[in-house]
Every structure is written in C-alpha cells, then in structure tokens.
Amino acid sequence: METKSKWSEGAVKTPEFPNHNYTYEDYLKWDGQWELIDGVPYSMAPSPSFTHQYIIGELYAALRDYFQQQGCIVVMAPFDVIFASNLDDKSVKNVVQPDISVICDREKITEKGCVGAPDLIVEVLSPSTALKDRNEKYKLYQRFEVKEYWMVDPLHRTIEVYGWHNGVYEKREVFGEQDVLVSFLHPDLKICLKDVFQRL
C-alpha cells in the first residue's frame, strides 16, 4: 500500500497530537486513511498506481482460490490489521493496512478489522514505500509473529517470501517472473508468476 510519513516531505505534526506516541484510540479520530507504526502515523497516499493494483488483484485471486479451501479469509486493503489481543487495550500503537491479509483464525476478524496477527501478509513495494515495507513493517510483522510475509517488487518483477521461524524471519527465496512461487508455510500453494506479471 502506497504511504508517506505524516512528517515527511514538509508535513507537520497535528496540533491535537504533537508527539510520536499515538494510539489506536487517537487513530480512530483521524479523517482519511492512516497507518500507525510504533506510535508514528503515516498518511496513505492519494491513490496507488495501475501496476500496484493489478498485481494485488492477480495475487488476491490466486490466494483466495487456495485459502478458501483451507477455511481462511483473504482481504484486500483498505482493511485494518490491529496488533493487539483485544480492542479494549488503550495502549495499542500499531494499526496497518496491508495490501493483502490472509486470516485463518476467524475469531480475530471483527467489523473493525483483524485483531491480532494475520497468517500471511502481502505488500507491493513502490518508490515511496519500499524502505518502510522492508524495514519498519518487516520488523513489525516479525515482532508480532505474522507467519509469512511477501514483498512484491513490481520494478524487478520479483516476490520475496519470508517465513517466521524460531522468533525471526528466514528468507525462503526470491522468485522471478519466470518462476513458480512456493509458499514457506504451505508448500502446496504454488503461483505461476508469469500469470501475475505477464500483462504489465
């Protein structure tokens, strides 16, 4: 999901919340679309590119076909993922909107979003989000034990697949557009990336 920091590119702190210590309770009061990572808000960019949305659509279709048979739910952004054990926790400081979330524990799904870590998250990189997806979000997803994390690079037509194991992510492999992607946790989940990238 294409985003920019609230304080990047000349942006200023809001007068209502002058510190970098915001919570989910604050987040609910803001207009527009935001993400909150360790108390720092990021405003969502106006609109993703065609390439960004096309890739999400292709991957969503493939993941939905597979995970429906596993009893899991696949959701596209905008959809809140709230890293908390419950919504009554006033200290929650991490709320994101991944491009695609796969949730196999249906008890985590509420009308507000997913409360707790999804099983799999997909983020499509863009020039404005690549560092955040590779750093802040990577560390966030690892810390909260998202079992599998895919980073899609439209420019190089690759997908990096990471699996959570023994407290950290291990890189499974970088798959190119001529490859068949194989999931870290679901080895029978295979996606021909030529089908994902061929029309771009």
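This is a predicted model: local features need pLDDT of at least 70, side-chain atom pairs count only at pLDDT 80 or more; totals for chains, interfaces and linings use all residues.
Start with the whole structure. A search across it finds 7 salt bridges. Side chains of opposite charge can pair when their charged atoms come close.

**Stop one: K132 and E35**

Select K132 and E35. They form a salt bridge, with 3.3 Å between the closest N and O atoms. K132 sits in helix α3, residues 130-134, and E35 in strand β2, residues 34-37. The two are 97 residues apart, so this pair links distant parts of the chain.

**Stop two: K137 and E123**

Next, select K137 and E123. Their side chains meet in a salt bridge at 2.8 Å, N to O. K137 belongs to helix α4 (residues 136-143), while E123 belongs to strand β10 (residues 120-124), so the bridge ties together parts 14 residues apart in sequence. Both K137 and E123 are buried.

**Stop three: R157 and E177**

Move on to R157 and E177. Here the closest N and O atoms of the salt bridge are 3.3 Å apart. R157 is in the loop between β11 (148-153) and β12 (158-165), and E177 is in the loop between β13 (168-176) and β14 (180-182), so the pair ties together parts 20 residues apart in sequence.

Finally, select E35, E123, K132 and K137 together. Salt bridges that share partners join these four into one network.

Definitions and conventions. Residues are numbered from 1 along each chain as its sequence is written. Side-chain values use heavy atoms; hydrogens and water are left out. Helices (H or I, at least four residues) and strands (E, at least two) are DSSP runs, numbered from the N terminus. Buried means under 20% relative accessible area, exposed over 50%, partly exposed in between (1.4 Å probe, protein chains only).
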